[in-house]
Structures are given as C-alpha cells and as structure tokens.
Amino acid sequence: TLPAFMGEVDIVKTIQLLPGVSSVSEGGQGFYVRGGGPDQNLVMLDEGVVYNAAHLFGFFSVFNADAVKSVNLIKGGMPANYGGRMSSVLEVNMNEGNMKKFKVKGGIGVISSRLTIEGPLKKDRGSFIISGRRTYIDLLMKAFIPDTSPFNGSGYYFYDVNVKLNYKLGDKDRIFLSGYYGKDMFTYKSKDDNFNVQMPWGNGIAALRWNHLFTNKLFMNVTGTFSDYMFAFKSAQDQFNFELRSGVRDVGGKVDFSWFPNARHRIK
C-alpha cells in the first residue's frame with residue numbers, strides 16, 4: 001500500500017519507516033538500527049545470508065516484492081539461533097507458489113520490469129514460483145548520451161531471479177528448495193583510447209529444507225544453505241589487463257527442534 005519509487009515497492013525502504021530504524025543516506029539502501037552500523041544487521045532470505053542487499057549502488061534492494069511472502073525485523077534481543085550480528089535481524093521469506101492453479105503477474109516500471117509465474121507441481125501436493133526482473137537503464141543511457149560525450153559507451157543494468165519449489169511428501173513431511181541469483185553490471189568503454197572497465201557484483205543463494213512432524217507437539221526442521229557474494233573490477237587498455245576479485249562464500253547446515261508442551265510454552 002506504500003507509494004512505489006520508480007515503479008518498485010521496496011521492502012528495505014519500508015522498514016526504514018519503523019521506529020528505531022533510519023537510512024544510511026537519502027535514497028541509500030543500508031539501514032541503521034538503534035545506533036548500530038549497516039554491517040551489524042543480519043539479512044537473510046529463506047535462511048540464506050545476503051551479504052549485499054542492494055542494487056543500483058543502494059537505490060533498490062535485492063528483494064523482489066512479487067516473490068516475498070513475509071518480512072520479520074528483530075531490532076533487539078535476537079534469539080540465539082541468529083548468531084553473527086549485533087544490531088538487528090531482517091528475515092525475508094519467499095512465496096511458496098499456488099497449489100491450486102497457474103497465475104502470471106508482472107509490472108512495468110520507469111527503469112525496470114518484472115514477471116512472476118506460479119502454479120502447482122501437483123495439485124494440493126506441491127507448487128512452484130519463478131520471479132524475475134531486469135532494468136533497462138543501459139538502453140535508456142544510450143538514447144540520452146550523445147556519441148561525442150566522453151561517457152558514451154557507459155552502461156549499467158541489474159537483474160535478479162527468484163525460484164522456490166515445495167512438495168508434500170506425506171502428512172508429516174515436506175521439502176522446500178529456494179534459490180536466488182542477482183547481478184549488477186557497470187561498464188565503461190572508450191573507443192578512442194581502447195579503454196574498457198567492467199564492475200560486476202552479485203549474490204547467489206540456495207537453501208534446501210526438510211520439515212518433519214513427529215507429533216502435534218514436536219517439530220523438526222533440517223536446513224542446508226549456500227551463499228555466495230562476488231565483486232570484481234576488470235580493466236583493459238591495449239595489451240594491458242588488470243582484474244581484482246573479492247567475495248564471501250558460505251556453506252552451512254543446521255537441525256532444530258520445536259517442542260510445544262502446552263499452549264503457553266515453546267522450547268526450541
């Protein structure tokens with residue numbers, strides 16, 4: 001229900017309206033929570049860690065609103081299972097798709113467009129959702145930058161894809177497979193100097209979960225996650241080539257149990 005910025009409804013912009021949360025800068029994507037730094041916030045997508053939650057140098061988040069089911073922000077007193085950050089936890093869960101029928105929706109914005117397809121793998125047993133978006137800033141820049149400009153040859157675009165599958169193996173077992181891949185690409189080319197610069201960066205996240213219900217009071221969740229963030233700087237002129245790469249790669253697994261002895265207590 002909030003106004004869209006350039007055709008995009010942004011989750012991170014939304015949480016910046018909450019008490020105790022402020023933006024890094026006007027239009028920026030990072031956020032401060034009660035005095036903590038942006039790097040002290042744990043951002044998760046379906047239990048996979050997101051190391052850079054921004055597109056377009058901070059103006060858009062990596063979360064496509066069409067693919068998001070729920071968002072949970074913990075601003076203090078984080079549970080022990082969210083280790084690794086001091087300030088806050090932003091937990092984002094993806095849509096699980098429609099088990100009844102196929103649906104297609106999309107949107108066209110000022111600088112980007114998006115498309116989402118969801119439907120049943122098997123009616124009332126499993127479902128899928130595929131959601132993607134891409135900017136066309138690179139096409140707009142070509143139209144507005146004259147051939148004589150020193151910035152002619154520059155370009156920027158980003159895209160991201162969300163995929164989620166879930167299937168009921170039985171009354172007590174269910175599996176989920178989530179995936180995300182997003183990439184930003186900035187390029188600059190000068191034909192006169194034979195000079196070329198490329199700056200790609202992006203996130204890749206995958207999560208596999210198995211839920212099992214032992215009894216109505218005992219529940220188990222087994223999760224395996226993979227998270228990969230990459231940044232690169234590439235430069236070339238004539239016969240000279242230079243490349244710098246950095247990144248973070250995580251592989252993790254966990255098993256947790258939830259026990260509800262009665263309506264007033266929960267043990268995890």
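**Exercise 1.** Determine which element gives the largest share of the lining of the second largest pocket.

*Solution.* The model is predicted, with local features needing pLDDT of at least 70 and side-chain atom pairs counting only at pLDDT 80 or more, while totals for chains, interfaces and linings use all residues. Residues are numbered from 1 along each chain as its sequence is written, and side-chain values use heavy atoms, without hydrogens and water.

Step 1: a pocket is an open set of points on a 1 Å grid over the protein atoms alone, where a 1.4 Å probe fits, with protein on both sides within 12 Å along at least five of seven lines, and its lining residues have an atom within 4 Å of a point.

Step 2: the second largest pocket holds about 350 Å³, and of its 19 lining residues M44, E47, V49, N81 and T225 are the closest to its centre.

Step 3: two or more lining residues come from each of the strands (DSSP runs of E, at least two residues, numbered from the N terminus) β3 (41-45), β4 (48-49), β15 and β16. The largest share, five residues, belongs to β16.

**Exercise 2.** Describe the largest pocket by its volume and by the classes of its lining residues.

*Solution.* Step 1: the space in the largest pocket is about 640 Å³, and of the 23 residues lining this pocket, E47, E91, R209, N221 and K268 are the closest to its centre.

Step 2: its lining comprises eleven charged residues, six polar and six nonpolar, where Asp, Glu, Lys and Arg count as charged, Ala, Val, Leu, Ile, Met, Phe, Trp, Tyr, Cys and Pro as nonpolar, and the others, Gly among them, as polar.

Methods
Grid points are joined across faces, edges and corners, and a volume is the space filled by probe spheres set on the points. Helices (H or I, at least four residues) and strands (E, at least two) are DSSP runs, numbered from the N terminus.
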